[in-house]
Amino acid sequence: MRLTAYLIPTLREDPAEAEVISHRLMLRAGMIRRVAAGIYSYLPLGYRALRKVEGIIRREMDRAGALEVFLPVLSPAELWRETRRWDAYGKELMRMQDRHGRDFCLGPTHEEIVTDLVRREVKSWRQLPLNLYQIQTKFRDEIRPRFGLMRGREFGMKDAYSFDRDEEGVQKSYATMFETYTRIFEQCGLNFKAVEADSGPIGGSFSHEFMVLAETGEDLLLNCPGCGYAANLEKAEIALPEEQAGAEEHRPVERKETPGQRTVEEVSAFLECGPSQLVKTLLYEADDTVVAVLLRGDHQLNETKLKNYLGAGALGPASPEKIEKVTGGPTGFSGPVGLDGVRIVADEQVRHLVNFVTGANAADTHLVNVNFGRDFAASEWADVKAADAGDPCPRCRAAMEKVRGIEVGHVFKLGTKYSDAMGARYLDENSEEKSIVMGCYGIGTGRTVAAAIEQNHDGDGIIWPVPIAPFEVVLLTLNVREQVLMEASEKLVGELEDRGVDVLWDDRDERPGVKFKDADLIGCPVRVVIGGKSYKRGEGEIRIRRTGEQSAAPLGQLAARVEDLLGQIQ
RNA sequence: CGGGGCGUGGCGCAGCCUGGUAGCGCACCUGCUUUGGGAGCAGGAAGUCGGAGGUUCAAAUCCUCUCGCCCCGACCA
């Protein structure tokens with residue numbers, strides 16, 4: 001491809017609209033342009049990279065036996081009402097009406113559509129298992145779109161849905177997709193990790209996220225360097241604390257005046273004890289009942305873990321009025337002692353504390369030397385602390401580390417949530433009617449491109465992994481007014497294309513410096529230079545973008561050398 | 001939705017406080033020179049100063065409303 005016939009509007013300066021590196025580089029390299037918040041156009045170069053990622057996904061999905069389909073973006077409300085998601089999805093669902101006033105939405109995901117298809121067409125166990133996938137544009141009216149392609153309101157996604165006869169079948173489908181995703185992201189040149197995740201309102205019993213490790217990631221992960229356990233912060237468990245030998249003796253409870261001291265910092269400073277000697281009592285409202293949560297003063301609550309533990313539909317902090325009514329004291333002075341009739345959930349990490357400080361359920365008063373059993377009874381224990389760096393791994397007790405990640409893929413075991421709601425059933429060998437067991441599997445395509453850039457760049461620009469590079473090679477002809485250089489270049493382009501190499505030929509009448517800068521920015525893995533100096537020696541120059549490694553080769557051998565190199569570098 | 005910031009040729013910005021009719025760098029077009037890491041000179045084209053209303057002899061500048069964009073948070077697959 002001749003650059004003079006192509007469209008790559010590179011920018012010398014960072015556009016003000018972009019903060020994160022992948023967004024800046026995609027704008028500067030002329031890959032994308034913003035149309036509205038969270039909505040982007042792909043220019044030719046950006047689209048080529050996207051298509052490369054899609055190609056890898058198609059190849060691997062097909063190989064795993066999944067069948068490609070193409071489902072509509074526009075989706076009638078009735079299907080969403082069947083699963084109650086028309087209401088449950090909330091404002092994120094892009095809604096619209098047709099000319100007759102009928103409700104529609106732009107699909108944010110396609111469980112309803114695909115389940116509707118399958119319930120009509122699949123009746124027999126002989127038709128299962130089945131895995132349908134598509135690469136489609138999705139719409140989610142995100143509260144805050146950001147970071148370019150990272151979180152958009154309109155974005156590309158590969159979504160797949162597996163349909164199996166039973167639990168054993170969906171296990172197998174899930175495992176196959178897990179392996180497939182691993183292969184896909186490896187080919188995209190990504191350093192990623194599959195982590196255990198909370199399955200959230202999409203439902204289902206089991207879920208993994210594929211996370212690309214990057215500073216700019218929106219998700220926090222806990223990672224165990226010891227055994228490889230990794231989980232989303234929302235999900236991350238913590239090993240149960242070990243009982244301490246030779247614990248202190250229980251001292252008598254004391255009531256202390258703590259005027260105006262509400263927060264953990266204030267109280268611990270006032271009473272001259274560490275925050276870890278405090279047990280804070282958080283009052284939450286879970287589906288209209290108040291629950292008291294006991295947590296060590298220096299720990300944070302993980303609301304998702306609490307919500308899952310309680311099995312609650314809605315969960316939120318209780319209002320100050322409610323707290324006063326339930327505890328008899330104002331906020332900031334709540335405690336478990338004498339808290340009759342309230343369900344008390346104590347975090348596992350406070351189980352072995354002795355002689356700790358709590359609120360006294362009265363204004364400006366705290367209790368010192370409180371102990372379990374003697375002073376109050378916790379109704380139950382649960383792991384509800386938000387995991388943090390240094391917490392012990394639930395599998396091997398090694399200290400976990402906290403890292404950031406970009407979620408590029410997510411696999412769910414759905415079970416029969418959608419098939420039950422929509423009546424997707426089949427007849428088994430014994431003529432018994434059963435619900436189809438489902439799984440669903442997503443990959444953000446544009447986000448994968450962005451994540452690849454986050455992980456593969458330097459101060460000069462993008463460094464494409466070969467499999468997803470929009471062009472594998474950029475050829476710079478340093479002076480296009482010299483006929484011999486042009487002839488040699490054109491010949492080389494032909495030779496490379498004959499070998500199936502994607503080559504971008506910079507045939508612009510620009511000074512060499514401009515071409516070098518643009519080539520670095522665009523980031524093709526291999527750069528070839530045809531210039532006066534080396535041409536006199538009958539050579540062309542080859543440079544590896546990632547390493548900067550340079551070499552020269554006789555003009556006649558250039559194409560072969562380049563092809564060879566592309567096979568070697570990642 | 002709460003907080004913060006920003007809207008001035010394609011891009012990056014100055015001008016605004018203290019009103020006087022728009023400027024700089026890059027990019028773009030023409031010509032000449034130049035050609036191994038973002039060239040030089042000369043000439044040129046291009047802007048409803050986000051929008052509406054108001055104050056004023058006069059508004060990019062002051063006031064009110066409004067729209068859009070970015071960042072933090074809350075929210076959410």
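This is a predicted model: local features need pLDDT of at least 70, side-chain atom pairs count only at pLDDT 80 or more; totals for chains, interfaces and linings use all residues.
Two packed helices are described by the angle between their axes and the distance between the axes. Here the pair is helix 2, residues 44–63, and helix 6, residues 167–187. Their axes come within 10 Å. They cross at roughly 155°. Angles over 145 degrees count as roughly antiparallel, so helix 2 is roughly antiparallel to helix 6. The crossing of helix 2 past helix 6 is right-handed.

Which residues make the contact? Helix 2 brings Ile56, Ile57, Arg59, Glu60, Met61 and Arg63. Helix 6 answers with Met177, Thr180, Arg183, Ile184 and Gln187. By class, this contact of helix 2 with helix 6 holds 5 nonpolar, 2 polar and 4 charged residues.

**The second largest pocket**

Rolling a probe the size of a water molecule over the atoms shows where empty space is left. The second largest pocket has a volume of about 480 Å³. Its lining takes in 24 residues. Nearest the centre of this pocket lie Arg262, Lys280, Thr281, Leu282 and Gly332.

Which of them gives the most? Strand 14 does, with 6 residues. Sorted by class, the lining of the second largest pocket has 11 nonpolar, 10 polar and 3 charged residues.

**The cavities**

How many cavities of 30 Å³ or more are there? The count comes to 2. The table sets out their volumes and linings.

| Cavity | Volume | Lining residues |
|---|---|---|
| Largest cavity | about 50 Å³ | Val474, Ala519, Asp520, Cys524, Arg527, Arg543, Arg545 |
| Second largest cavity | about 40 Å³ | Met150, Arg151, Glu218, Asp219, Ile406, Glu407, Arg447 |

What classes of residue line the largest cavity? Its lining has 3 nonpolar and 4 charged residues, with no polar ones. Asp520, Arg527, Arg543 and Arg545 are among the residues there. The lining of the second largest cavity divides into 2 nonpolar and 5 charged residues. Met150 and Ile406 are among its lining residues, as are Arg151 and Arg447.

Technical notes: Residues are numbered from 1 along each chain as its sequence is written. Chains are lettered from A and ligands numbered from 1 in the order in which they are written. Side-chain values use heavy atoms; hydrogens and water are left out. On a 1 Å grid over the protein atoms alone, a cavity is a set of points where a 1.4 Å probe fits but cannot get out, and a pocket is an open set with protein on both sides within 12 Å along at least five of seven lines; lining residues have an atom within 4 Å of a point. Grid points are joined across faces, edges and corners, and a volume is the space filled by probe spheres set on the points. Helices (H or I, at least four residues) and strands (E, at least two) are DSSP runs, numbered from the N terminus. Ala, Val, Leu, Ile, Met, Phe, Trp, Tyr, Cys and Pro count as nonpolar, Asp, Glu, Lys and Arg as charged, and the others, Gly among them, as polar. Axes are lines fitted to C-alpha atoms, for helices over the stretch in contact, and angles run from 0 to 180 degrees between N-to-C directions. Angles under 35 degrees count as roughly parallel, over 145 as roughly antiparallel, 65 to 115 as roughly perpendicular and the rest as oblique. A crossing is left-handed if the near helix is turned anticlockwise from the far one by less than a right angle, and right-handed if clockwise. Contact means heavy atoms within 4.5 Å.
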